[in-house]
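Subject: Structure for you to look at

Hello,

Here is the structure I promised to pass on. Please open it beside this email and follow along.

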Amino acid sequence: MVKKMVKKIYGIIGDPVAHSLSPVMQNAAFEELGMSEGKEAAVYLAFRVSRDELGDALRGAKSLGFSGLNVTIPLKEKALSFVDAEEVAKKIGAVNTIDFGGGVVGGAARGRGYNTDGIGAKRVLEEEEGVGEIKGKRVLILGAGGAARAISFYLAAAGGEVTIANRTRERAAELASNLNLNLRNARARALGLGSTAELKKQLKEADILINATSVGMSPNENATLVTAEMMHSDLAVFDIVYNPLQTRLLKEANLAGVKTVVDGVKMLVYQGAASFRIWTGQEPPVEVMENAVRNALERRT
Ligand code: ATR
């Protein structure tokens with residue numbers, strides 16, 4: 001017999017999604033706030049959904065009365081066309097959070113789409129003593145995919161001088177011009193990763209380096225796009241990869257004597273916390289969520 005009545009279903013959709021830490025993190029938050037028990041009990045699950053099935057999955061989730069979803073690789077861009085997206089998510093070109101507005105009865109015709117990735121990254125950096133205000137900072141972002149799009153949007157909007165460096169130069173150029181088009185004061189620049197000399201030059205002038213590519217992620221733990229001799233000690237280095245926690249890039253930063261070195265857990269937690277706030281209207285227990293993620297990562301190693 002099923003003892004527990006789950007009333008509110010949340011989850012993450014993506015492919016692959018089995019190793020996502022969002023279920024551990026969000027269920028810890030529900031438990032902490034007493035929301036995982038009782039008549040209105042909430043649960044957060046992971047669902048593997050391919051690109052071809054995305055439309056069916058979202059219509060199904062809506063019909064079944066799901067409360068909210070996170071969207072991850074490779075569905076963030078495509079999900080835009082299946083939701084009513086807020087203006088910022090449209091400009092970024094990707095959605096990572098869907099709110100079904102209370103389910104079937106009285107809910108919106110489609111889910112409402114948001115993007116909380118960039119808010120998370122901006123908050124992480126602003127909290128770092130060695131970074132502070134983003135305005136006027138020279139930010140070098142590696143990557144031009146979904147994560148880079150969201151992060152660069154928020155940092156450029158906050159007055160950061162953004163340069164996008166990407167393996168596929170055209171993608172960097174497209175992102176830079178998208179930022180310049182959508183943000184009045186942005187003067188984003190683009191760079192290919194083909195020339196090490198040019199990358200070195202940019203790094204000399206940069207205040208903040210962010211890896212928003214998947215380079216260095218397990219199982220390619222030894223990979224990095226930037227090594228110690230390319231860094232100066234006043235640079236802040238932030239890697240969005242959290243698997244492993246100590247990426248090769250962060251090891252190189254430590255070798256270079258960089259004072260501000262930030263791993264990817266906080267960004268994961270802050271984007272999740274922002275999603276939680278959208279869905280529940282409640283203040284998320286950020287510390288509990290971060291501990292749940294760090295403990296789960298430790299158990300994995
Ligand atoms: P996400 O949504 O996580 O950003 P994505 O859209 O697939 O995922 O983007 C992945 C990013 O990592 C891209 O910027 C990609 O570069 P390309 O645009 O040239 O594909 C970058 N990336 C992945 N593997 C890389 C590698 N081995 N070297 C350099 N960049 C890499």
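Start with a pair of helices: α4 and α9 cross in a right-handed sense. Keep in mind that this is a predicted model. Helix α4 covers residues 117-127, and its axis comes within 8 Å of that of α9, at a crossing angle of roughly 125°.

Which residues of α4 and α9 meet? From α4 come Asp 117, Gly 120, Ala 121, Arg 123, Val 124 and Glu 127. From α9 come Lys 266, Met 267, Tyr 270, Gln 271 and Arg 277. This contact has 4 nonpolar, 2 polar and 5 charged residues.

Now find the sheet that α9 lies on. Helix α9 (residues 265-280) lies across β1, β2, β3, β5 and β6. Its direction makes about 10° with β5. The sheet is open, has 6 strands and shows mixed pairing. Its order is β2-β1-β3-β5-β6-β4. Strands β2 (41-48) and β4 (84-85) are at the edges; each has a single partner strand, so one side of each is left without a neighbour in the sheet.

Look at β1 (residues 6-14) and β3 (residues 68-71) next. They run parallel and are joined by 4 bridges. Tyr 10 stands opposite Gly 68 in β3. Helix α1 (residues 22-32) lies across β1, β2 and β3, at about 175° to β2.

There is also an open sheet of 6 strands with parallel pairing, in the order β9-β8-β7-β10-β11-β12. Its edge strands, β9 (189-192) and β12 (260-262), each pair on one side only. Neighbouring strands here are turned by 15° against each other on average, ignoring direction. Strand β11 (residues 236-239) pairs with β12 over 3 bridges, in the parallel sense. Val 237 has Val 261 in β12 as its bridge partner.

Helices pack on this sheet too. Helix α6 (residues 169-182) touches β8 and β9, and makes about 175° with β9. Helix α8 (residues 248-255) lies across β10, β11 and β12, at about 165° to β11.

Last, check the confidence. The chain averages a pLDDT of 94, and 96% of the residues score at least 70. Over residues 103-107, pLDDT stays under 50. The model has 9 contacts beyond four places in sequence for that stretch. Where pLDDT is low, the predicted coordinates should not be read in detail.

Best wishes

Definitions and conventions: Residues numbered from 1 in each chain as written. Predicted model: local features only at pLDDT ≥ 70, side-chain atom pairs only at ≥ 80, totals over all residues. Heavy atoms only, no water. Pairing = 2+ DSSP bridges. Helix = DSSP H or I, 4+ residues; strand = E, 2+ residues; numbered from the N terminus. Contact = heavy atoms within 4.5 Å. Axes fitted to C-alpha atoms, helices over the stretch in contact; angles between N-to-C directions. Left-handed = near helix turned anticlockwise from the far one by under 90°. Nonpolar A, V, L, I, M, F, W, Y, C, P; charged D, E, K, R; others polar. pLDDT = per-residue confidence, 0-100.
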